[in-house]
Amino acid sequence: LMIRRPPRSTPKPSSAASDVYKRQQFDKETLKRIFEITDKIRDNPIPMLKNSGFLMSTLFYEPSTRTRFSFEAAMKKLGGDVISTESATNFSSAAKGERLEDSVRTVAAYSDVIVLRHSQEGAAEAAALACPDTPIINAGDGEGQHPTQALIDLYTIRRECGGVNGKSIALVGDLAHSRTIHSLLYLLAQYKDIGHLYLVSPEFVKLKRELLLHVAEKDIPLTISADLKEVAPKVDVIYQTRLQKERFDQNDFAMYQKYHRQADYRIDADILKLMKPDARILHPLPRVNELLPEVDNDPRAAYFRQVENGLYIRMALLVMLLSDTDFILNQ
Ligand code: NCD
């Protein structure tokens, strides 16, 4: 689930339950609108929610740096206010055994929008069903999805590469557990004119079947590969991810440790040499050792620009949920 309440400009869903799934994918029309508003806000960041009294709660049951700070910065820059708990697992009533639904209903009583991160897939959807009157923004639900990150990623690709049409894009790393990959793939799958999609990972973290089938049935040329060196020269975008250490259980932790140390899926100066001169490297961050700092100063390294884009995307989303976007679009 992305947003419980759809942007005001889109028609109200006939049935909330059946729309939960669809809305999180955003159709192309909605994407266009979000990106348009993001560009306007970036050029002219007006505090549109000043004196509104609007309060955003960030309820994070998993660690975060970028997602939480950027949402909070976005709300404050818009003139709204924020309440938050940094570690809801330890410092909210969850520590006493409260159900997520009850905690969210409580926080909803005090807030106009809730940004939720949780370790369980489906948590945001459950929260949204528990409080139908307050928009819930999914800031990552376990290995499920991370839809606002996907918006940032797609916006960054468009901004850096001038669009996705004809572009070859490689998604690399932990395809099984990376929620950012899952959400991004759902978005990309809507663009039939993408040149080529490459899924690059070791076998033990390959993309799960359901999502693979979803992408495979589109008309986009698709290659599954285990060889980053072979794919690197062919693509316009490499989207790198870290092995999601926290998603491995005891049984497969040995595999994590084995691959964690290997250089096969690492972006370093050698991979840079193979890449096209105008290609781009994206990463949702945090990086561990799958993307070396020696790459940072190359103009193709776009991940810190991607971070900055996150602020504007989240400002746009908050305005769309809480205010009137016509004002922004008509300026
Ligand atoms: C990602 C996440 O939390 O899923 N980070 C982010 O929000 N930018 C990626 C990750 O943790 O690897």
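The model I am reading is predicted.

I looked up Arg117 and found a polar side-chain atom 3.1 Å from an oxygen atom of the ligand. For Arg242 the distance from a polar side-chain atom to a ligand oxygen atom is 2.8 Å. Gln244 also places a polar side-chain atom 2.8 Å from an oxygen atom of the ligand. I then checked the ligand surface: taken alone the ligand exposes 320 Å², and the protein buries 94% of that.

Entry, ligand shell. Which residues are around the ligand? I noted Thr67, Arg117, His146, Gln149, Arg179, Thr180, Arg242, Gln244, Pro284, Leu285 and Pro286. Sorted by class, the shell holds 3 nonpolar, 5 polar and 3 charged residues.

Entry, sheet. I traced an open sheet of 5 strands in the order E7-E6-E5-E8-E9, and the pairing is parallel. From one strand to the next, the twist averages 15 degrees.

Entry, strand pair. I followed E8 (residues 237–240) to E9 and counted 3 bridges between these parallel strands. Tyr239 has Leu282 in E9 as its bridge partner.

Entry, helix on the sheet. Where does helix H8 lie? I found H8 (residues 179–188) across E5 (168–172), E6 (196–200) and E8. I recorded its angle to E5 as about 160 degrees.

How values were computed:
Residues numbered from 1 in each chain as written. Predicted model: local features only at pLDDT ≥ 70, side-chain atom pairs only at ≥ 80, totals over all residues. Heavy atoms only, no water. Pairing = 2+ DSSP bridges. Helix = DSSP H or I, 4+ residues; strand = E, 2+ residues; numbered from the N terminus. Axes fitted to C-alpha atoms, helices over the stretch in contact; angles between N-to-C directions. Contact = heavy atoms within 4.5 Å. Near = heavy atom within 4 Å. Polar contact = N/O pair within 3.5 Å; in protein donor to acceptor, adjacent residues only side chain to side chain. Areas by Shrake-Rupley, 256 points an atom, 1.4 Å probe, with all protein chains shown as cover. Nonpolar A, V, L, I, M, F, W, Y, C, P; charged D, E, K, R; others polar.
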